[in-house]
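Q: Could you take me through how a pocket is read in a structure file, starting from the general idea and then turning to the case at hand?

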Amino acid sequence: MFKKLGLSSEQGWQKLSSTNMCHWSVIKMFRHWWEPSPSQEQLRGMLIVGPELLNTTDFAKLLETSYQEVKAQQSWSV
């Protein structure tokens, strides 16, 4: 997705983050304000998108096509 937006990975990750379990201690982070606390399954694929990306024309479309591309790369049959 960053390539489609003309961003380097470093630039992109400054504007987008993930609640991936290996990235943050997410349960502790959300515990005090999100009631009831979300489960790890709910947080597993959540993205935190900065306003700069949300203002990008066709951001939702770029995100969806990037998701479909990654999903296709991870899917295979024998």
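Q: Which residues lie nearest the centre of the largest pocket, and how many line it?
A: This is a predicted model, in which local features need pLDDT of at least 70 and side-chain atom pairs count only at pLDDT 80 or more, while totals for chains, interfaces and linings use all residues. Residues are numbered from 1 along each chain as its sequence is written, and side-chain values use heavy atoms, with hydrogens and water left out. On a 1 Å grid over the protein atoms alone, a pocket is an open set of points where a 1.4 Å probe fits, with protein on both sides within 12 Å along at least five of seven lines, and lining residues have an atom within 4 Å of a point. Here 18 residues line the largest pocket, and Leu 47, Leu 63, Ser 66, Tyr 67 and Val 70 lie nearest its centre.

Q: Which elements give two or more residues to that lining?
A: With helices (at least four residues) and strands (at least two) taken as DSSP runs numbered from the N terminus, they are strand E1 (16-18) and helix H6 (59-74). H6 gives the most, with eight residues.

Q: Is Ser 66 buried or exposed?
A: Buried means under 20% relative accessible area, exposed over 50%, and partly exposed in between, with a 1.4 Å probe and protein chains only. Ser 66, which lies in helix H6, is buried, with a relative accessible area of 8%.

Q: With which residues is Ser 66 in contact, leaving aside its neighbours within four places in sequence?
A: Taking contact as heavy atoms within 4.5 Å, Ser 66 is in contact with Met 1 and Lys 4.
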